[in-house]
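Good morning, and thank you for the time on today's agenda.

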Amino acid sequence: MLKLPIYLDYSATTPVDPRVVEKMIPYLFEKFGNPASRSHSFGWEAEAAVEEARVEVAKLINADPKEIVWTSGATESNNLALKGAAQFYAGKGKHLITVKTEHKAVLDTCRELERQGFEVSYLDVLGNGLLDLEVLQAALRPDTILVSVMFVNNEIGVIQPIAEIGEICRSRGIVFHVDAAQATGKVAIDLAKLKVDLMSFSAHKTYGPKGIGALYVRRKPRVRLSAQMHGGGHERGFRSGTLPTHQIVGMGEAFRLARLEMGAESERIRMLRDRLREGLSDIEEVYVNGDLERRVPHNLNVSFAYVEGESLLMAIKELAVSSGSACTSASLEPSYVLRALGRNDELAHSSIRFTLGRFTTEEEVDYAIKLLHDKIGRLRELSPLWEMVQEGVDLSTVQWAAH
Amino acid sequence: MFAPVYLDHNATTPADAAVVDAMLPWLSLQFGNPSSRHEYGRAARRAIDHARRQVAAAVGAQPGEIVFTSGGSEANNLLIKGAAACFKPGILAVGASEHPCVIKPAEQIARRGWTLHRLAVDSEGRIDMDAFAAVMALKPKIVSVMLANNETGVLQEIELLAAMARRAGALFHSDAVQAVGKVAVDFRQLNAAGVQALTLSAHKFGGPKGAAALVMDKRVDLEALIAGGGHERGLRSGTENVAAIVGFGVACELAVQRCAEVAPRLLALRERLEERLLKLGAIVFGRAAERLPNTVFFAFPELDGETVVGQLDRAGYAIASGAACSSANPEPSHVLRAMGVGPDLARGALRVSFGSGNTPEQVNGFLDALQTTVARLRQLTAMAV
Amino acid sequence: MSYSVKVLDHYENPRNVGSFGKEEEGVATGMVGAPACGDVMKLQIKVGKGGVIEDAKFKTYGCGSAIASSSLVTEWVKGKTIDQALDIKNTQIAEELALPPVKIHCSILAEDAIKAAVADYKKKHGEPAAA
């Protein structure tokens with residue numbers, strides 16, 4: 001029996017794996033100590049759990065546990081990385097580089113840094129969503145101090161050439177930050193090889209709890225940061241505030257499971273994603289957004305031309321999916337990520353992101369395929385744009401009465 | 001099994017069973033991102049809205065006045081730095097016995113052209129009114145004084161201080177993380193007196209770690225500390241910690257319901273403890289001041305606090321030496337130093353903070369263990385001389 | 001986004017979907033909005049003797065509120081003279097459908113569609129004789 005609505009929005013957030021919840025609960029009750037309490041066993045027990053989790057997070061990305069700083073989530077990690085590095089290295093230069101398709105947490109932080117007197121270059125991406133290394137090379141300046149590029153895009157799932165960008169940045173002594181919130185458990189991350197200086201992580205995108213994340217801060221060569229949250233001097237002064245033990249334990253367990261299971265899981269999910277893509281391929285004028293090869297297997301972002309995204313979401317309310325990214329879905333703007341790919345407005349407004357995950361089944365995918373066939377047809381019957389296209393009108397030549 | 005007795009509730013508290021029960025659905029089937037528009041997301045959004053109303057009701061505020069954060073430290077950082085960003089640099093004044101997460105952000109602001117005044121406290125830990133008035137005469141723009149001190153439990157006359165700050169034209173904030181559940185906190189009443197923002201933290205009163213709030217008069221201008229998706233009216237971006245926020249809401253409701261019943265019990269425990277502590281020759285800090293009913297901060301002259309704490313831990317009693325957050329710091333308590341306590345005595349300070357689950361029997365047991373420890377250590381000290 | 005019962009009803013069962021033949025007698029078309037803004041409405045009216053709107057049809061590319069707004073106005077304009085139709089205000093549409101503030105633009109667009117259709121009629125047929 002199918003449970004409706006079917007959850008196909010794993011990039012917005014994932015369920016907490018039941019094995020993770022089980023590990024968390026004791027830390028709300030009998031093991032509730034404050035990890036900063038140094039004078040009794042409650043504190044020591046909590047601290048040991050925090051350090052064990054730190055080891056698990058480090059293992060997934062092949063880093064040293066001492067390089068992991070706990071934060072409240074990837075948004076805070078991104079803020080700490082960008083503001084912390086920019087402010088610390090401001091004496092060396094004031095130019096930063098990022099990409100137009102980054103998450104709001106990076107873009108908005110860059111906007112704030114601009115107000116603080118930094119200069120930011122926002123690079124275009126290719127039509128497939130990937131960053132062109134030559135575009136990056138051309139944007140580098142003698143006063144560039146920081147480059148920030150996400151590992152996996154949250155909307156279209158494309159994987160940026162992080163290894164290559166790392167080489168370019170390291171050779172010029174530029175700090176390289178990577179938002180990896182969408183990457184953990186989906187792509188292998190080896191920080192012994194990748195020349196990345198700062199990397200942001202989130203637990204709740206990888207079957208851990210919300211409210212906890214981490215920032216990787218490289219020790220060799222050492223990267224410095226100005227702290228953004230001041231107080232008791234937790235996390236070696238990088239980030240003050242009582243550590244939420246149960247959430248940290250949850251993130252550790254979630255990342256441990258990701259390390260053990262991602263190989264088999266990715267293959268299963270790829271099969272389901274491909275089944276979904278093939279199932280939709282016989283609907284006319286359906287376009288996949290973003291590169292299909294250099295992409296995590298969990299993501300399918302498609303535009304159903306001439307059907308508006310929000311009404312489509314209403315029509316397929318049996319599917320929990322998103323149009324645009326979850327963080328901006330209160331706004332009526334079409335996805336800025338799709339705009340950056342050069343998608344025209346109709347296609348950007350018509351996109352649906354399907355993201356599959358650990359608990360997605362074949363039955364759910366088949367249900368989605370059938371539902372989409374029915375509803376796309378109905379909405380196109382309602383669409384004046386579809387009618388015009390059927391009549392042979394080239395929409396790009398129409399003078400719209402913009403309002 | 002050996003279960004130690006926990007007497008360190010100002011550091012953190014166990015979550016109430018009802019709080020965890022309320023949280024669990026949000027860690028399992030109800031896992032949506034509150035920003036998602038599908039039913040999973042909307043359910044999570046409704047849960048946050050409900051928790052916001054619970055938190056607001058518990059402290060007499062409006063739901064629109066609650067900004068959720070990841071913890072008390074973040075809320076204090078947000079208020080101090082966020083408010084400072086909206087002013088031209090001027091004077092900022094914070095209590096000398098504030099928590100480091102107020103003092104350190106204030107020091108950061110001081111590096112950006114602000115002048116920082118540390119508001120002196122008297123020997124009992126109360127803000128010195130004359131000194132306070134003198135600083136207000138300088139027309140500070142931001143003033144922050146905690147409602148209850150985490151180490152001594154000393155309560156400040158917040159309404160009086162806020163009224164003076166308001167007359168000086170200052171924004172007045174109070175860190176109330178130690179107050180909720182132990183004394184009545186009414187934001188409307190405080191707001192009428194001139195308090196424009198309060199900090200609350202769930203894990204100090206039976207809620208989970210990872211959820212806290214800034215309660216703030218909507219007329220206060222604030223710049224966000226964490227930029228991004230524009231959550232919490234743009235004041236705090238980042239996917240909401242739904243489960244912890246839900247737990248926070250329930251913990252608030254319970255704390256306020258139980259406060260009238262719990263506070264006298266805590267006070268009875270405190271009095272029982274203090275009476276015998278004094279007989280044992282301890283000095284109780286802030287004893288003449290109005291204090292939280294659950295907190296006793298004390299020291300035995302000539303005895304090393306760390307040693308006492310270690311012995312008590314082995315005897316099965318968990319207490320604190322100094323404040324938890326700065327326990328890694330070997331410096332004597334800045335709170336006691338501000339009260340004029342000498343460094344040697346301050347280094348020996350011990351804190352007992354009760355919770356609603358503690359019993360008179362536990363206090364007696366603790367006192368017996370303490371008496372034994374103190375006697376043995378005194379003997380050793382005497383032999384060494 | 002939560003939709004009102006009336007929006008859901010019009011969205012699930014839109015009234016008067018479709019198009020008239022372009023050459024049909026008395027047909028005028030109003031097309032407003034732009035794909036870039038996420039909504040395009042096409043409202044067609046069929047005007048009979050005395051300038052009375054005898055029938056109306058619509059097609060809309062847009063969100064549920066846009067579809068509901070245009071579906072609603074096809075019901076409202078029927079039986080009205082073209083001048084009476086011009087009296088329909090976006091506030092009435094928004095109120096009837098209980099549109100949230102972020103969706104008020106849908107009702108404005110629906111009002112614009114009526115105006116555009118009437119203007120098209122007047123362009124083709126001139127001002128109707130006074131009834």
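**A buried alanine and what surrounds it**

A:A53 counts as buried because 30 C-beta neighbours lie inside 10 Å of it. By the convention used here, a residue is buried if 20 or more other C-beta atoms lie within 10 Å of its own, exposed if 12 or fewer, and partly exposed in between, with C-beta atoms placed from the backbone.

Before going on, please note that this is a predicted model, in which local features need pLDDT of at least 70 and side-chain atom pairs count only at pLDDT 80 or more, while totals for chains, interfaces and linings use all residues. Residues are numbered from 1 along each chain as its sequence is written, and chains are lettered from A and ligands numbered from 1 in the order in which they are written.

A:A53 sits in helix α2 of chain A, residues 41-60. Helices (H or I, at least four residues) and strands (E, at least two) are DSSP runs, numbered from the N terminus. Which residues does A:A53 touch, not counting those up to four places away in sequence? They are A:I248, A:V249, A:M251 and A:G252; contact here requires C-beta atoms, placed from the backbone, to lie within 7 Å. A:R256 is 203 residues from A:A53 in sequence, yet their C-alpha atoms are 8.7 Å apart in space.

**The sheet of chain A**

Chain A contains an open sheet of seven strands, with mixed pairing, in the order β2-β8-β7-β6-β5-β3-β4. Its edge strands are β2 (68-71) and β4 (119-123) of chain A, each pairing on one side only. Two strands pair if DSSP finds at least two bridges between them. On average, and with direction ignored, neighbouring strands of this sheet are turned by 20° against each other.

Consider β7(A), residues 198-202. Five of its five residues are buried, so this strand is largely enclosed by the rest of the structure. A:L198, A:S200 and A:S202 point one way from β7(A), whereas A:M199 and A:F201 point the other way. With β6(A), β7(A) pairs in the parallel sense over three bridges; with β8(A), residues 213-217, it runs antiparallel, joined by five bridges. A:S200 takes part in both pairings: A:S200 is the bridge partner of A:D179 and stands opposite A:L215 in β8(A).

Helix α4(A), residues 104-115, lies across β3, β4, β5 (144-148) and β6 (175-179) of chain A, at about 155° to β3(A). Such angles run from 0 to 180 degrees between N-to-C directions, with axes fitted to C-alpha atoms, for helices over the stretch in contact.

**Contacts of chain A with its partners**

The contact between chains A and B takes 55 residues from chain A and 57 residues from chain B. On the chain A side, the elements giving two or more residues are α1 (18-24), α2, α3 (74-88), α4 and α7 (245-280). The largest share, five residues, comes from α4(A). This side divides into 20 nonpolar, 28 polar and seven charged residues. For these classes, Ala, Val, Leu, Ile, Met, Phe, Trp, Tyr, Cys and Pro count as nonpolar, Asp, Glu, Lys and Arg as charged, and the others, Gly among them, as polar.

Chain C presents 25 residues in contact with 21 residues of chain A. Which element of chain C gives the largest share of that side? It is β1(C), with four residues. By class, this side of chain C has 15 nonpolar, six polar and four charged residues.

**Strand β1 of chain C**

β1(C) is mostly covered, six of its eight residues being buried. It pairs with β2(C) in the antiparallel sense over eight bridges, and C:A28 has C:I45 as its bridge partner. The two strands form a hairpin with four residues between them, and C:G38 in the turn has a positive phi of about 90°.

**Confidence**

The model scores ipTM 0.95 and pTM 0.93. Chain C has a mean pLDDT of 91, with 95% of its residues reaching 70 or more; pLDDT is the predictor's confidence in each residue, from 0 to 100. Where pLDDT is low, the predicted coordinates should not be read in detail.

Definitions and conventions. Contact = placed C-beta atoms within 7 Å.
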